[in-house]
Amino acid sequence: MNIRSTLLLTVVSAALLGIACGSADDQIKKNALAAQSSGPATPAPPDGMAVFRQYCLVCHGADGKLGLNGAKDLSASTLTLEERINIVTHGKKLMTPFDEMLSAEEIKAVAEYTLTLKQK
Ligand code: HEC
């Protein structure tokens, strides 16, 4: 091995080390931040209301009663959480499936949110 390739090797391994340290540092910072904001370092659960406002309001309306494009009145819906999750995931008639737009956690959160629209 000549000096040049030894040098190159040193530079490359230094760079690799740098990357490894950097991401480890970032992870520690992220964990510290998470610990600060919510006690134990668990990721914040998705906000069902925010998801609803972004994706569902156009057809269902803020109170779930709008009924655009033949959307069902969510305040009158008697479906269970599982049935709601299923419809949101796979869609139904004019309602688009959300499995490619939302994570399973987001779908569950928004389905739970629709339960709160139910009229007593
Ligand atoms: C493009 C318009 C549209 C959007 C956007 C939409 N929906 Fe719907 N939704 C519908 C239609 C239409 C139906 C009725 C399907 C049928 O005929 O059974 C429906 C039905 C439902 C039902 C079943 C209600 C019942 O009692 O049968 C639930 C729950 C629901 N939507 C939740 C959601 C949620 C949560 C979102 C956002 C993630 C959403 N929808 C976004 C159009 C939409």
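Predicted model: local features only at pLDDT ≥ 70, side-chain atom pairs only at ≥ 80, totals over all residues.
Which geometry does the site of the iron atom of the ligand have? With angles of 86 to 180 degrees among its 6 donor atoms, the site is octahedral (six donors, with opposite ones over 155 degrees apart and all others between 65 and 115). Residues are numbered from 1 along each chain as its sequence is written, and side-chain values use heavy atoms, without hydrogens and water.

The protein supplies His60, through NE2, and Met95, through SD, as donors 2.0 to 2.1 Å from the iron. Donors are N, O and S atoms within 2.8 Å of the metal (3.2 Å for Na, K and Ca); water is not among the atoms, so sites may look incomplete.

His60 belongs to helix H3, helices being DSSP runs (H or I) of at least four residues, numbered from the N terminus. His60 is buried, at 9% relative accessible area, whereas Met95 is partly exposed, at 24%; buried means under 20%, exposed over 50%, and partly exposed in between, with a 1.4 Å probe and protein chains only. Beyond its neighbours within four places in sequence, His60 contacts several residues, among them Phe52, Leu66, Leu74 and Met95, where contact means heavy atoms within 4.5 Å.

I turn now to two other helices. The axes of H4 and H5 come within 9 Å and cross at roughly 125 degrees; axes are lines fitted to C-alpha atoms over the stretch in contact, and angles run from 0 to 180 degrees between N-to-C directions. The residues in contact include Leu81 and Ile85 of H4, and Ile107 and Leu115 of H5.

Note on methods: Tetrahedral: all angles 85-135°; square planar, octahedral: opposite > 155°, others 65-115°.
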